[in-house]
Amino acid sequence: MKLVRDNIPGIINRSGKTCEYHFADHDEYLASLYEKMREELDEFIDDPSYEEAADMYEVLRAICDLHSLTMVGVESVALEKRHERGAFYDRIILEKVDEK
């Protein structure tokens with residue numbers, strides 16, 4: 001069993017095949033989304049492409065929606081954090097912080 005895009009059962013049926021599926025409750029849906037994000041990240045690591053990035057983006061949209069977060073809000077906070085703390089483009093790896 002795995003979470004699939006909304007149109008997949010119809011696509012399978014139109015191809016002449018049949019499938020069985022169910023609609024997840026909240027807890028199963030959330031767990032499946034997190035699992036799907038890990039799967040999509042692994043696929044992106046193997047094939048960094050627009051297609052794989054788009055899959056991660058779609059899963060992120062669903063996760064955010066489930067938590068009542070808008071993508072506009074996510075983008076706004078990301079821009080704010082980028083302005084205040086920077087992004088991840090300079091390849092900085094923090095090795096140690098001394099408490100003095």
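Aspartate 98 counts as partly exposed because its relative accessibility is 48%, where partly exposed lies between buried (under 20% relative accessible area) and exposed (over 50%), with a 1.4 Å probe and protein chains only. The model is predicted, so local features need pLDDT of at least 70 and side-chain atom pairs count only at pLDDT 80 or more, while totals for chains, interfaces and linings use all residues. Residues are numbered from 1 along each chain as its sequence is written, and side-chain values use heavy atoms, with hydrogens and water left out.

**Salt bridges**

- The whole structure holds 4 salt bridges, a salt bridge being a side-chain nitrogen of Lys or Arg within 4 Å of a carboxyl oxygen of Asp or Glu.
- Aspartate 98 pairs with lysine 96 in one of them, with 3.6 Å between the closest N and O atoms.
- Lysine 96 counts as exposed because its relative accessibility is 64%.
- Salt bridges with shared partners connect Lys36, Glu39 and Glu40 in one network.
- Within helix H2 (residues 26–46), glutamate 40 and lysine 36 are 4 residues apart, about one turn of the helix; helices are DSSP runs of H or I with at least four residues, numbered from the N terminus.
- The side chains of glutamate 40 and lysine 36 form a salt bridge at 3.8 Å, N to O.
- Both glutamate 40 and lysine 36 are buried.

- Arginine 5 and aspartate 55 form a salt bridge, and their closest N and O atoms are 2.8 Å apart.
- This pair joins distant parts of the chain, 50 residues apart: arginine 5 is in the segment before helix H1 (8–14), and aspartate 55 is in helix H3.
- Aspartate 55 counts as buried because its relative accessibility is 15%.
- Arginine 5, at 46% relative accessibility, counts as partly exposed.

- Most residues other than glycine have a negative phi.
- Serine 68 has a positive phi, near 60°.
- Serine 68 sits in the loop between helix H3 (50–66) and helix H4 (71–85).
- With 68% relative accessibility, serine 68 counts as exposed.
- Arginine 91, also not a glycine, has a positive phi of about 65°.
- The segment after H4 contains arginine 91.
- Arginine 91 has a relative accessible area of 76% and is therefore exposed.

Definitions and conventions
Helix = DSSP H or I, 4+ residues; strand = E, 2+ residues; numbered from the N terminus.
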